[in-house]
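Work through the exercises below with the structure at hand. Try each task before reading its solution.

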Amino acid sequence: MDTIEIGLWVTGGLLFLVVTGMRVAFAAALAGLVGLLWVFWSKRGYDPEDFGWALTVAVKTAGQVPHSKVAAHTLSLIPTFILIGYLAYYAGLTRALFEAAKRWVAWVPGGLAVSTVFATAGFAAVSGASVATSAVFARIAIPEMLKIGYNKQFAAGVVAAGGTLASLIPPSAILVIYAIIVEQDVGKLLLAGFIPGAFSAIIYGTLIVGIAVIFKSVGPPVRGFTWGERFAALPGALPIVAVILIIIGFVYNPFGEQAWGTPTEGGAIGAFIVFLFALWRGMRWEQLKAALLETAKLTAMIFSIIWGVLIYVRFLGFADLPGAFSDWITGLEMSPMLILICILLAYAVLGMFMDAIGMLLLTLPVVYPAVMALNGGETVTAAESTFGMSGPMCAIWFGILVVKMAEFCLITPPIGLNCFVVAGVRPDLSVQDVFRGVTPFFIADGLTIAALVAFPGIVLYLPSLAQ
C-alpha cells in the first residue's frame, strides 16, 4: 500500500470519527498520529521489530507541531480579536449599536430586522466570533421584534443569519486561521473582508425589506424617532468606528505611506480602546473577569483545534495527498470555473456535518493547492492565469469565498451552530423554529456567493490598493 492509499484510508477514518461525534481537535490529532505511524512503519516494510521506531518518530513528529505553529506571532491576533468582542458586549456597545440602527433604519418595512442586521455587522467589526454575536443579539433584538408583532421564527432567523457576518467582517478569527494555513498575508485578507461583509449585510437587508413588503404582517416598520433622537444615538457607536479605523490603519495606511503597524498591534490597541470605554461605561471587576474568562475559553478551544488539525496536516505532507489531489483536479476535463463551483458546493454539504473552523482546517491543506493549480500556480501572473488574477490575489479571493461558505454553514441544518445558540439563549424557541426562520437567508447567501465568484473585484479592490 503506497502513501496515497494510506492518506485516503486515514482521511476516511477521520471523517468517520467526526461524523460519529468525536471533537474535531481530538479526531484530527488521532488520525494524524495514526497516519504518521502508518507511513513510517510502511517504509520499513511493516517489520514488527521496527514498530517501536516508527511509533517514536511519529510521536516526535506530532509533538513538534503545537509549539512550532502556535508560537507564531500571527496567532496572537485571535485572542485580541475575541477580547475586543467580549469587552464591547460588557461595555454596552451592542445595545448602543442596536439602538442607533433602530432609530435610523427601523422606519422601512421590516426595519427592526434590518436594524438588527446592520447592528450585527457593526458588532462584527469589533468581534471575530459569530457564535458570540448571535448569542448577544438573541438577548437584545429578538425581544424588541416580538414586542411589535414580528413572527418569532423570522426574528430568530434574522439574528442567526446576522451573526454569521462576524466570520467575514474584520477582525475575523476564521480569516486569520485561513491566512496561517495557506501562508498568506493576514493584513490583505482582513482588508478583503470589509467590502464582501458589507455587501452581505446589504443583501440581507434588501431581502428582509422584500419579505416585509410582500408579507405585511412579517415586519411592521417603527416610526416616530426625531432627528434629534437619531443623532443622540450616534456617540454610543463611536468606539466601533475608532476600532475599525485603527484596524484599517494598521493594515493599510489610507494616506499612501507605510502601514502604521501590524494587524496584531492594531488588534491590541483596539482592545485597549474598548477596555477604556468599558471602564468609562462603568464595567466592574466581575464583568472584566467574565470577559477575560470567556476570551480564554474560546481561544483555548480554537488553539486546540489548530493543534489537532496541524498534526493531521503534517501527516498529509508525508502522504503527499495534497499533491495527488491537485494533479487529479487539474486533470479533469471540465471548466476550471465549474470545478471551483463544485468545490464550493462540496463545502456546503460538508458544512452540514462539521463546524466552520474544523471544516476549513481539515480541507484547506488539500483543496487550496488544487485551486491554486487550477489558476496556474502560486507565482502565476494575472495575464497568464486561468481566473484572471495573480497567485496571491487568487489566494485572497478563494479565502473570502471559503469563509463565506463557512458563514453559510453556520445556519444550515443539522449542525448550524448559530441556530443552536439562538435557540439555547431563547427558551421559547426550538431549534426547528430557528432553522425555519433562516431559510430565506439561504437565497441571500447564494446570491452573495454568486456575485463574489462572478465579480472578483468586490473582494480584491481593497487588497489591490495595499500592494
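**Exercise 1.** Is Asp428 buried, partly exposed or exposed?

Solution. Start with the cut-offs: buried means under 20% relative accessible area, exposed over 50%, partly exposed in between (1.4 Å probe, protein chains only). Asp428 has 36% relative accessibility, so Asp428 counts as partly exposed. Next, take its partner. Arg426 forms a salt bridge with Asp428, with the closest N and O atoms 3.2 Å apart. A salt bridge is a side-chain nitrogen of Lys or Arg within 4 Å of a carboxyl oxygen of Asp or Glu. Arg426 is at 16%, and therefore buried.

The model is predicted: local features need pLDDT of at least 70, side-chain atom pairs count only at pLDDT 80 or more, and totals for chains, interfaces and linings use all residues. Residues are numbered from 1 along each chain as its sequence is written, and side-chain values use heavy atoms, leaving out hydrogens and water.

**Exercise 2.** Find which residue Glu407 meets in a salt bridge.

Solution. The partner is Lys404, at 2.8 Å, N to O. Now check burial. Both Glu407 and Lys404 are buried. In the whole structure, the search finds 9 salt bridges.
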